[in-house]
Amino acid sequence: MSTAATASAAALPAARRAPDRWQFWGRVLVLPYVLVFLIFVLYPVGYGLWLARHPQSYVRLFADPIFFRTVINTLVFVIVGINVKMVIALVLSGFFVQQRWWIKALSLVFILPWALPSIPTILSVRFMLNPEWGVVNTLIFKLTGADGPNWLNDPTLALGLAMLMHVWKSLPFWTLILIAGRLAIPAEQYEAAAVDGASNWQKFRYITWPSMRTLYVTSLILSMIWTLGDFNSVYLLTGGGPADLTHVLATLGIRYLRLDEVDLSMAAIVVALPFVLPLVYFMMKRLSK
C-alpha cells in the first residue's frame, strides 16, 4: 500500500470523529433551551389541561352568565378593534412613507405609545379617567362647567375605552409593518402610473393594494392572535368591571382565580383555544406559501 493511501485511510476515522464532536456539542448547547421549554411552557400547559379535564367544569362555566357576556366582548374587541386598527395603520402608512422632514420628525413621536411599557402607560390613563379628580373630567369641568362622564363605570363606554387603548398602544407597530410593505414596491410603477395620468386612488387600487394585500391579511391574522391574548388593555384599565361586564377571554381566568375557582379558570382558557387554533393554522399555512 502506498504512503498516500495509508495517510488517506488514517484520516477517515478522524474525519468521522469531527462531525460526531460537533453533533455532541450541538446537543449540549441546545439542552438548556429544551429544559426551559419543558419547564416553563410544556409543563404549565399540560398541568392546565389536566386541571380543566373535568366535564363538570365546563357545565359550570357555561352556566355562568358572565361567560357569555365575555365571549361577546371578545368578539367585539377582536372584530371591531382589529379592523379599525389595521385600516388606520394602512392609511397612516401612506402618510408616513412621504419623504418630508417634518413627517419623519412626527414619526418619532408617533412610535412612542408602542415603545413605552404597557403597565405604567395604561395605569396613567386609568388615573386620568377618574370621574372625581382625573385630569380629563377636570378639564371638561373647566371648559364647560359640567361634570364629565363616569368613564369606567359604564360597561359599553369602558369596553370602548379598552379597545381604544389597545388600538393606540399597538397602532405604531402595525403602521411600521405596512410602511415596510409600501417601501418594497418599486417606485417605477408609481412613476409610470403618474405619466399615464392615474389618480392617487387609482395608484392605491391598482399598485399599492395588490402589492400589499398578502402582507395586510397576514398582519391581520397575526394581530387577531395577539389581540385574543391581550390581557393588559382590559384588565389594567377596567379590571373587568364594572360588575365583571367588560371581561374578555384573556382576563376571565383571573376572575375565577380571584374566586378560588382554579378549575373554572383553566376551563376558560381551554375554551379560548377554538378561537386561537384556527387563526394559528391559517397563519402557518400562509407563511408556508
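1. D244 is partly exposed, at a relative accessible area of 24% (buried means under 20% relative accessible area, exposed over 50%, partly exposed in between, with a 1.4 Å probe and protein chains only). This residue is found in the loop between helix 11 and helix 12, and its phi is positive, about 60 degrees, although D244 is not a glycine. Helices here (H or I, at least four residues) and strands (E, at least two) are DSSP runs, numbered from the N terminus.

2. A word on the source: this is a predicted model, in which local features need pLDDT of at least 70 and side-chain atom pairs count only at pLDDT 80 or more, while totals for chains, interfaces and linings use all residues. Residues are numbered from 1 along each chain as its sequence is written, and side-chain values use heavy atoms, with hydrogens and water left out.

3. G241 and P242 are joined by a cis peptide bond, with omega at about 5 degrees. P242 is found in this loop, between helix 11 (232–238) and helix 12 (249–258).

4. D260 is found in the loop between helix 12 and helix 13. D260 also has a positive phi of about 60 degrees without being a glycine. Its relative accessibility is 64%, so D260 counts as exposed.

5. On the overall make-up, the protein has 14 helices and 0 strands. Its pattern along the sequence reads α-α-α-α-α-α-α-α-α-α-α-α-α-α. Of the 289 residues in the protein, 33% are buried.

6. On overall dimensions, the C-alpha trace spans about 105 × 70 × 30 Å along its principal axes. The radius of gyration is 27 Å, whereas a compact globule of 289 residues would have one near 19 Å. The radius is taken over C-alpha atoms, and the globule rule is 2.2 Å times the number of residues to the power 0.38. Among contacts between residues at least 6 apart in sequence, 72% join residues at least 24 apart; contact means heavy atoms within 4.5 Å.

7. The largest nonpolar core has 19 residues, of which M86 and L178 touch the most other members. Such a core is a set of buried Ala, Val, Leu, Ile, Met, Phe, Trp, Tyr and Cys residues joined through side-chain atoms within 4.5 Å. Two or more residues each come from helix 3 (65–96), helix 8 (155–183), helix 10 (200–228) and helix 14 (273–288). Helix 10 gives the most, with 7 residues. Leaving out residues up to four places away in sequence, M86 touches W174, L178, Y216, S219, L220 and S223.

8. There is a second, separate core of 16 residues, and L252, M266, V271 and A272 are among its members. In soluble globular proteins, nonpolar side chains tend to be buried together.

9. Two packed helices are described by the angle between their axes and the distance between the axes. Helix 2 (residues 55–63) and helix 13 (residues 262–271) pack at an angle of about 80 degrees, and their axes are 9 Å apart. These axes are lines fitted to C-alpha atoms, for helices over the stretch in contact, and angles run from 0 to 180 degrees between N-to-C directions. Helix 2 and helix 13 are therefore roughly perpendicular to each other (angles of 65 to 115 degrees count as roughly perpendicular, under 35 as roughly parallel, over 145 as roughly antiparallel and the rest as oblique).

10. Helix 2 makes this contact through S57, Y58, R60, L61 and F62, and helix 13 through D263, L264, A267, A268, V270 and V271. By type, the residues of the contact are 8 nonpolar, 1 polar and 2 charged. Ala, Val, Leu, Ile, Met, Phe, Trp, Tyr, Cys and Pro count as nonpolar, Asp, Glu, Lys and Arg as charged, and the others, Gly among them, as polar.

11. T251 is found in helix 12 and is buried, with a relative accessible area of 0%. Its contacts, neighbours within four places in sequence aside, are F231, V234 and Y235. Y235 lies in helix 11 and touches R126, T251, I254 and R258, not counting residues up to four places away in sequence. The C-alpha atoms of Y235 and L252, 17 residues apart along the chain, are separated by 9.5 Å.

12. G134 is in the loop between helix 6 (118–128) and helix 7 (135–144). This glycine is buried, with a relative accessible area of 0%. Residues up to four places away in sequence aside, G134 touches F127 and M128. Between the C-alpha atoms of G134 and G148, 14 residues apart along the chain, the separation is 9.8 Å.
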